[in-house]
There are 2 protein chains.
Amino acid sequence: MTAGVTAAGGFRAAGVAAGIKAGGAADLALVVNDGPSDAAAAVFTANRVKAAPVLWSQQAVADGRIRAVVLNSGGANACTGPGGFTDTHATAEQVANALGLGAGDVLVCSTGLIGERLPMAAVLSGVDMAAAALSVDGGADAAEAIRTTDSVAKTAVVASAGGWTVGGMAKGAGMLAPGLATMLCVITTDAAAEPAELDAILRQAVRRTFDRLDSDGCMSTNDTVVVLSSGASGVHPSREDLEQAVAEVCADLASQLLADAEGATKEVEIEVRNAATEDDAVEVGRSIARNNLLKCALFGNDPNWGRVLAAIGTTAAAFEPDLLDVSINGVQVCIAGAAGQSRELVDLSGRSVLIGVDLHAGSEHATVFTNDLSHAYVEENSAYSS
Amino acid sequence: MTAGVTAAGGFRAAGVAAGIKAGGAADLALVVNDGPSDAAAAVFTANRVKAAPVLWSQQAVADGRIRAVVLNSGGANACTGPGGFTDTHATAEQVANALGLGAGDVLVCSTGLIGERLPMAAVLSGVDMAAAALSVDGGADAAEAIRTTDSVAKTAVVASAGGWTVGGMAKGAGMLAPGLATMLCVITTDAAAEPAELDAILRQAVRRTFDRLDSDGCMSTNDTVVVLSSGASGVHPSREDLEQAVAEVCADLASQLLADAEGATKEVEIEVRNAATEDDAVEVGRSIARNNLLKCALFGNDPNWGRVLAAIGTTAAAFEPDLLDVSINGVQVCIAGAAGQSRELVDLSGRSVLIGVDLHAGSEHATVFTNDLSHAYVEENSAYSS
């Protein structure tokens, strides 16, 4: 079994150095579904400023059919006006011509700096190179080619005992945020499934995985998660089984994104319990995840639970301030809204931090993931485009 | 004319080292209104987790009458449970006894670390020391005593040609955020005004000054802005004149808070024009002000307008992405949603940054102020409580 998007039967992939990036690194990936099915579903950034490839791909997937996904790093093709959309269209046409498809069967994803046009000669020749390099072993190369500031390529595979497989690849290391972390993700499966079924499965999986990753509160213009079904296994699993496998792949990739977030020194899991509603739990978790003062404190190994309470207090969730409990790495530092066990007992020396919040307002729960705010985050993001 | 809260007639103040802070710095301030009027109004943090002194002071000012304000640095008395509220009550009683007032005429403000009880022996003896030190020249000492991480004391005065004066002091350097920057502010005037009039004036002034300062997106548990009127000038100015003077003092203090924000290297003014509503303009400005990626870019002198557009795209404001214009320090880097003048032309070498956004969606406007996100911000806030 090969890595990532070629782990499932019926898929070929490639990753090549097209010359889009200045340094000569791999920067263009192609994933092709050889069928027999071409069912697909995708979710996109909630940002209202959407990159050209997002605008294109929303239309391309509207009929639930996608044959190929082309992805480039080295440029986001966002905020590039009508010319940028023309570039995306030309890229899709180039893929279609190389593979004998219609352009409307090609999803396009781009990632990199916002506001600059892509070097189209490099992109178009890169498409031809990638088409020539397609292989059933190409998943690792494809994952490599979509990296930007990612320090490692990210792939995941779940093989079902039922004879079908779900694989995926993702990129994302900054702008990780709400309504999708900033990321591109391609998931493939040889399980058979109808487009509407895939769509429901993907939305449910994303809602509880990528959507609960909030590294730095910044929502990108290019986020795309697409799932492609080849049906090559000949098995049509139950919706529950396929949903679970897709969710496992999403959760695996999400944890890899979290671990590779730019400049982070901590992976922080915020578990909100006993909320009146799941939405309340997510709102509280996200508010904590976005509190810069808390994130700096965690970077400094300071179990500053007062900043947790201050973050909770900005939400509209149901709770009473004098009932709030907070634990940090197992120490109940806040009980009933005031100091509990000594903060001296908290060990923050490792990379993993678990913040537990009990709202005492119901029985729902949710977990949100984030990172600390470090010197290196500031460094990487102050120097990225210059 | 003396500084800050004693610039207006009818007020005495003091600042003393009560021993609340470990290092022996001044940490307790007292401001007394000698009348003849004791009209007052106050606004408090919108955070639902409110510190004990906020809960006390909301009740104390409910009748529109305040005779004295006692403020301590060295501890926020927030998330301290019923014991913390008892401490605030005891502080107000101590002030009342020292000055021959009722405790209900005493507003209490605290600032410092959340989650720890105040050293009450120091606080209570400090109240007596401050009462003994009250002086019509005490405004500067009072402003000094409320500093936490503030690098300088902050006072402002506006003298009206009509024979009355508005003065004020403020503290605040971190947790500067929405629905009040994290801060304490006492404004005094010898103009005569009814409590209801003062309340309306204060809310209007705060809405357009402190509420539009969003240094780090973090809303505190202790924010308080109070205005006291002694009426000692014998003049009852028009509401418009008094509102303008109070707004000027607030704006002056707000700009001092911005300039002294923890670790900041830039003061960033975000002017949003041609919005459908003023609320839209504020929402867009605040979203930009809270974008960590942009704030890091500004720290690195990188005019990354793509991050401005990505931040605008997360709002619900009325706009079309392909009509957005963005200028940075006078250079039109984004025109109609795509690249305009070269980003190379932007000079970001100074401390002041002006980001202009034209939404092309109406005729309303608003300006929001923020800072960059620097190494020093991370450093100060990772080491604050430990």
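Student: Which residues of α2(A) are buried?
Tutor: They are A:Gly83, A:Gly84, A:Asp87, A:Thr88, A:Thr91, A:Ala92, A:Val95 and A:Ala96. Buried means under 20% relative accessible area, exposed over 50%, and partly exposed in between, with a 1.4 Å probe and protein chains only. Before we go on: this is a predicted model, where local features need pLDDT of at least 70, side-chain atom pairs count only at pLDDT 80 or more, and totals for chains, interfaces and linings use all residues. Residues are numbered from 1 along each chain as its sequence is written, chains are lettered from A and ligands numbered from 1 in the order in which they are written, and side-chain values use heavy atoms, leaving out hydrogens and water.

Student: What do those buried residues of α2(A) pack against?
Tutor: Their partners in chain A are β2 (28-33), α1 (52-60), β4 (68-72), β5 (106-110) and α3 (120-133). Contact here means heavy atoms within 4.5 Å. The helices (H or I, at least four residues) and strands (E, at least two) are DSSP runs, numbered from the N terminus.

Student: Why is the pair of A:Trp56 and A:Phe85 called tilted?
Tutor: Rings of Phe, Tyr and Trp (its six-membered ring) pair if their centres lie within 6.5 Å; planes under 30 degrees apart are stacked, over 60 edge-to-face, and the rest tilted. Here the centres are 6.2 Å apart and the planes are at 55°, so the pair is tilted. A:Trp56 sits in helix α1 and A:Phe85 in helix α2 of chain A, so the pair ties together parts 29 residues apart in sequence.

Student: What makes A:Lys171 buried?
Tutor: Its relative accessible area is 5%, so the buried label applies. A:Lys171 is in strand β7 (residues 165-171) of chain A. UniProt lists A:Lys171 under "binding site" in an unreviewed entry, along with others including A:Thr148; such annotations may be inferred rather than shown by experiment.

Student: And why is A:Thr148 called partly exposed?
Tutor: Because its relative accessibility is 25%. A:Thr148 is in the loop between α4 (139-145) and β6 (154-159) of chain A.

Student: What makes the link between the side chains of B:Ser110 and B:Asn72 a polar contact?
Tutor: A polar contact is a pair of N or O atoms within 3.5 Å; within protein, one must be able to donate a hydrogen and the other to accept it, and residues adjacent in sequence count only if both atoms are side-chain atoms. This pair comes in at 2.6 Å.

Student: How do you know how chains A and B are related?
Tutor: A rotation of 180° with 0.0 Å of shift along its axis superposes chain B on chain A, RMSD 0.0 Å. That is the relation of a two-fold axis.

How values were computed
Copies are superposed by least squares on the C-alpha atoms of residues with pLDDT of at least 70 in both.
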